[in-house]
Amino acid sequence: MTVYVNGRFLAQPISGVQRFAHEVLGALDRELCRSADLRDRLGPIEVLAPRRVETPGWQRLRLRHLPGGAGHLWEQGPLWRASRDGVLISLGNSGPLRHRAQIICLHDANLWDIPEAYSARYRLWHCALRPRLARRAAALLTVSRYSAKALADRLSVAEARFRILHNSADHMLRLPSVPDVPARYGLTAGNYLLSVGNRSPNKNLRALINAHAACGDEVPPLVVVGGNVPGIASQAAAGDRVIALGRVPDCDLRGLYEGHRHLSSRRYTRALAFPRLRRCG
């Protein structure tokens, strides 16, 4: 039986969910290269994508362009028809409802816990889709025990059904270290704070910017990396001494991490965590 992977994430801007899928499949590909026994047990694995994309360096996973639209319509139609003779792995919160042998990863319950973070159209579709997917899936994955409990409560499924695949930042260590990255963005190494993440409201970016402003010149400028995500509400990354870089290439991200200021001293940490108390005290 063929194992298929929902490759819709390959046609999307990279945020946390897409990064997760890239890393899980990359790790699977490396394990397949090492283990002939695993290759024999799993058989062929084919990643189906809604548009032509470059292969992400895989050696064992096969990538196939599957025409027929994009987005949810592609998942519910062409993807289902192409994968219904095998097992389908969907790592990005959605997949075809009619597939009975689907392993699906639901990342969190933010859709219900922070509804203002999503557009009305996105909420309407996913609030209808995800409970049905959870009940019909052959297996469920999520990224933490906290998410498993929250999702179980919201989706009316047993928490024990979820297997945990943790998030990680290991991919950063595989990138080359480039010391001059901060300078290329007009930054001074060791003299900026760094926030990395998309601009959805659940990231609390506005609170971070307000806290940074309350600290005044006692802390370095704040650099914000990340962009908007389709279907998810965004918050502005603006303020005095705030530098918004938007999305940056992976090859630059490690350099920005390595060049940022670590707030290890008590004074800076207290200033960011309790700006009002600091000013009143």
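1. Basis. Because the model is predicted, local features are taken at pLDDT of at least 70 and side-chain atom pairs at pLDDT 80 or more, while totals for chains, interfaces and linings use all residues. Residues are numbered from 1 along each chain as its sequence is written, and side-chain values use heavy atoms, with hydrogens and water left out.

2. Overall make-up. The protein has eleven helices and ten strands, where helices (H or I, at least four residues) and strands (E, at least two) are DSSP runs numbered from the N terminus. Of its 281 residues, 45% count as buried; buried means under 20% relative accessible area, exposed over 50%, and partly exposed in between, with a 1.4 Å probe and protein chains only. Among contacts (heavy atoms within 4.5 Å) between residues at least 6 apart in sequence, 61% join residues at least 24 apart.

3. The largest nonpolar core. A nonpolar core is here a set of buried Ala, Val, Leu, Ile, Met, Phe, Trp, Tyr and Cys residues joined through side-chain atoms within 4.5 Å. The largest one holds 19 residues, of which Leu 25, Leu 61 and Leu 91 touch the most other members. Strand E1 (3-6), helix H1 and strand E2 (45-49) are the elements that give two or more residues to this core, and H1 supplies the largest share, four residues. Apart from this core lies another, of 16 residues, with Ala 109, Leu 140, Ala 148 and Leu 155 among them.

4. Leu 25 and Leu 61. With neighbours within four places in sequence left aside, Leu 25 is in contact with Val 5, Phe 9, Trp 58, Leu 61 and Leu 91. Leu 61 is placed in the loop between E2 and E3, and it counts as buried because its relative accessibility is 5%. Not counting residues up to four places away in sequence, Leu 61 touches Leu 25, Leu 28, Asp 29, Leu 32, Ile 45 and Val 47. Leu 61 and Tyr 4 are 57 residues apart in sequence, yet their C-alpha atoms are 9.7 Å apart in space.

5. In helix H3 (residues 71-83) the buried residues are Gly 71, Trp 74, Glu 75, Gly 77, Pro 78, Leu 79, Trp 80, Ala 82 and Ser 83, and what covers them includes E1, E2, strand E3 (62-65) and strand E4 (87-90). In helix H9 (residues 250-259) they are Asp 252, Leu 253, Arg 254, Gly 255, Leu 256 and Gly 259, and these pack against helix H7 (181-184), strand E8 (193-196), strand E9 (222-225) and strand E10 (242-246).

6. The second largest pocket. Its volume is about 320 Å³. On a 1 Å grid over the protein atoms alone, a pocket is an open set of points where a 1.4 Å probe fits, with protein on both sides within 12 Å along at least five of seven lines, and lining residues have an atom within 4 Å of a point; grid points are joined across faces, edges and corners, and the volume is the space filled by probe spheres set on the points. Of the 14 lining residues, the closest to the centre are His 22, Glu 23, Arg 30, Pro 56 and Arg 174. Helix H1 (residues 16-34) gives the most to the lining, with six residues. The lining of this pocket divides into four nonpolar, four polar and six charged residues, with Ala, Val, Leu, Ile, Met, Phe, Trp, Tyr, Cys and Pro counted as nonpolar, Asp, Glu, Lys and Arg as charged, and the others, Gly among them, as polar.

7. Asn 93, although not a glycine, has a positive phi of about 75 degrees; it lies in the loop between E4 and strand E5 (102-105) and is buried, with a relative accessible area of 9%. Ser 156, also not a glycine, has a positive phi of about 60 degrees; its place is in the loop between helix H6 (145-155) and strand E7 (162-164), and it is exposed, with a relative accessible area of 63%.

8. Arg 39 and the cysteines. Arg 39 lies in helix H2 (residues 36-42) and is partly exposed at a relative accessible area of 23%. Leaving aside its neighbours within four places in sequence, Arg 39 is in contact with Leu 32, Cys 33, Arg 34 and Arg 60. Cys 33 counts as partly exposed at 30% relative accessibility, whereas Cys 215 counts as buried at 2%. The count of disulfides comes to zero, a disulfide being a pair of cysteine sulfur atoms within 2.5 Å.
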